[in-house]
Amino acid sequence: MVKVALDNVSKSYGKVRALHETTLELEPGALTAILGPSGCGKTTLLRSIAGFIKVDSGRICFDGRDVTELPPQERDTAMVFQNYALWPHMTVFDNVAYGLKLKKVPASEVRRRVMDALELVEMVDILGVEGIESRKPPELSGGQQQRVALARALVVQPKVLLLDEPLSNLDAKVRQRVRVEIRRLQKRVRITTIHVTHDQEEALSIADSVVVMDKGKVIQVGSPQEIYRRPQSAFVAEFLGSSNVLTGQLCRADQTISVGGIKLSCATAAEGKATVVFRADEARLAGEEAQVQGNVVVFQGEVEETLFVGSAFRHFVKIGTELVMVDSPESSPFRRVKVVVPREKVQIYPLEG
Amino acid sequence: MPPDYVGKVVIDNLPLLLEGFWITIWLSILSSLISLVLGTVIGVARIVPFRPLRSFGTVYVEFFRNTPLLIQLFFFYHGLPRAGITFSAFESALWSLAIYHAAYVAEAVRAGIQSIHRGQMEAARSLGFSYLATMRYIILPQAFAIVIPPLGNLFIALLKNTSLASTIAVAELLYQGEVLDSRTFRTFEIFTAVGILYLCLTLPLGGFVNLVERRLARAGRGA
């Protein structure tokens, strides 16, 4: 199990900073998800670790060994790609075996390890030994190709496994299955794994640790629960799940924030604008006249639209000039409503600058 | 047998023409093979991440593609002996044909390599393949499947270009035709026969290229 550490790594393309000075330590043997919208630098980070990108400054270390200047083939990593990148002119067997053949592993051992790796991703059951020796990647489905790609990566026993949006090309159902497989495999082989994705559900469900990135910077690092329950910025809160974001005005003098036509008490050292965030599924609707008890925040609003989204009814409610979403199991019979949110579920983030 | 009939001169002198025919075939095969190897090396040189090699590849391609083959042939046969390097007529033809067409092979190979998705290279590199091993086992096999049709057309052109070797007295097909013509003055029949003999080589080659092209197109559609 290898510890991957980045020390002040940065990378620019012309004037565009793809990666600001980034310092990060990844736990050995864990699956770390790097999560962020497209263009946030997550792929740059992964490709720097793989060695496909020469970083401008900083160091990348595997277990204290500096690999910053090493070419990709000397880093003992293995990468799995969004588009599988299997070699179409080789059989499934050769795709998995070639890395070992080049390392001059004896033929009998190659065969055993290839079959073990394919067994691990359940491809032996799907194709049979004969299919493995005769079929070529273009004849396989996307999910099968990605399994073969995983076997090809695992068979060389890499120090670090790099997954570059490996599930993005698969359709929803297959994606769920392969996602579980990746988790199961990773727990079994205990290879330090970095999984890049823009899918928050994917990141939260399979990772031991999540790194949220935006605009070339690491915004927050933590366990999936920490990231989800205690986002430390409006960006993370918004990016993770169906969150509502309102703009409020902080007042230091009376320690309050004015938002959506009401005033909340709020310990603040700052003055000026702040974002107020709560989740669609943590709010509920009540009639305009209803009495509401407990430590809650109540906004007055008007339901503009109600959509049935399968698991719930999603109400679009106008609070002042801002639109928020509230999910509830039943459609609200009222037009003028109270939006009720437990106080501890409302997060307030002062805006920087 | 009547004493003289149309084409008799060709039938009577067929062994001579066939001698030239074999030399044309040999010259074509040998220079094709050399140009294939040389062109592949230069095609790869044009895309490696090492600038001096890339520049060399570019200069090679631009120089040999943009000067007439006939001049390169004369340079080898008449020019180099002045510098103390002497090639036989056949060797001069062989090398100039190979070097000239290697420039075109290089361009085809480069285009083929560049049409292979970047992920193919990266997958191999991340799994421990060196740059050259990746080229040899992953990229070039796929690139060649793509460039077989253009290479086929190139080798048809090369085959026809071997006729230039007659200018430095290589005893290939056209040269033997000229010899026969100067002896018999039966120009029409002789050059018709020579033309047909070239077609005997180029038409099957062209048909083969078409066949391969159709196969590849079908394989490309995944059928």
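Contact here means that heavy atoms lie within 4.5 Å. The exercises below concern a predicted model.

**Exercise 1. Describe the packing of helices α2(B) and α7(B), and state which residues make the contact.**

Solution. 
1. Two packed helices are described by the angle between their axes and the distance between the axes.
2. Helix α2 of chain B spans residues 14-45 and helix α7 of chain B spans residues 131-161; their axes lie 11 Å apart, at an angle of about 135°.
3. Angles over 145 degrees count as roughly antiparallel and those from 65 to 115 as roughly perpendicular; α2(B) and α7(B) are therefore oblique to each other.
4. The crossing of α2(B) and α7(B) is right-handed.
5. On the α2(B) side, the contact involves Ser28(B), Ser31(B), Ser32(B), Ser35(B), Leu36(B), Thr40(B) and Val44(B). On the α7(B) side, the partners are Met135(B), Leu140(B), Phe144(B), Leu151(B), Phe155(B), Leu158(B) and Leu159(B).
6. By class, the residues of this contact are 9 nonpolar, 5 polar and no charged.

**Exercise 2. Classify the aromatic pairs Phe235(A) with Phe239(A) and Tyr100(B) with Tyr104(B).**

Solution. 
1. A pair of aromatic rings is described by the distance of the centres and the angle of the planes.
2. The whole structure contains 12 aromatic pairs over all chains.
3. For Phe235(A) and Phe239(A), the centres are 5.7 Å apart and the planes make an angle of 15°; this pair is stacked.
4. Both phenylalanines belong to helix α9 of chain A, residues 234-239, and stand 4 residues apart, about one turn of the helix. Phe235(A) has a relative accessible area of 23% and is partly exposed.
5. For Tyr100(B) and Tyr104(B), the centres are 5.5 Å apart and the planes stand at 55°, so this pair is tilted.
6. Tyr100(B) and Tyr104(B) lie 4 residues apart in helix α5 of chain B, residues 89-114, and are thus separated by about one helical turn.
7. Tyr100(B) counts as buried at 13% relative accessibility, whereas Tyr104(B), at 30%, is partly exposed.
8. A further aromatic cluster is formed by Trp87(A), Tyr98(A), Phe129(B) and Tyr137(B).

**Exercise 3. Describe the packing of helices α2(A) and α3(A).**

Solution. 
1. Helix α2 of chain A covers residues 92-102 and helix α3 of chain A covers residues 107-120; the angle is about 125° and the axes are 9 Å apart.
2. The two helices α2(A) and α3(A) are therefore oblique to each other.
3. The crossing of α2(A) with α3(A) is right-handed.
4. From α2(A), the contact draws on Val92(A), Phe93(A), Val96(A), Ala97(A), Leu100(A) and Lys101(A). From α3(A), it draws on Val110(A), Arg111(A), Arg113(A), Val114(A), Met115(A), Ala117(A) and Leu118(A).
5. These residues comprise 10 nonpolar, no polar and 3 charged.

Key:
Residues are numbered from 1 along each chain as its sequence is written. Chains are lettered from A and ligands numbered from 1 in the order in which they are written. This is a predicted model: local features need pLDDT of at least 70, side-chain atom pairs count only at pLDDT 80 or more; totals for chains, interfaces and linings use all residues. Side-chain values use heavy atoms; hydrogens and water are left out. Axes are lines fitted to C-alpha atoms, for helices over the stretch in contact, and angles run from 0 to 180 degrees between N-to-C directions. Angles under 35 degrees count as roughly parallel, over 145 as roughly antiparallel, 65 to 115 as roughly perpendicular and the rest as oblique. A crossing is left-handed if the near helix is turned anticlockwise from the far one by less than a right angle, and right-handed if clockwise. Ala, Val, Leu, Ile, Met, Phe, Trp, Tyr, Cys and Pro count as nonpolar, Asp, Glu, Lys and Arg as charged, and the others, Gly among them, as polar. Rings of Phe, Tyr and Trp (its six-membered ring) pair if their centres lie within 6.5 Å; planes under 30 degrees apart count as stacked, over 60 as edge-to-face and the rest as tilted. Buried means under 20% relative accessible area, exposed over 50%, partly exposed in between (1.4 Å probe, protein chains only).
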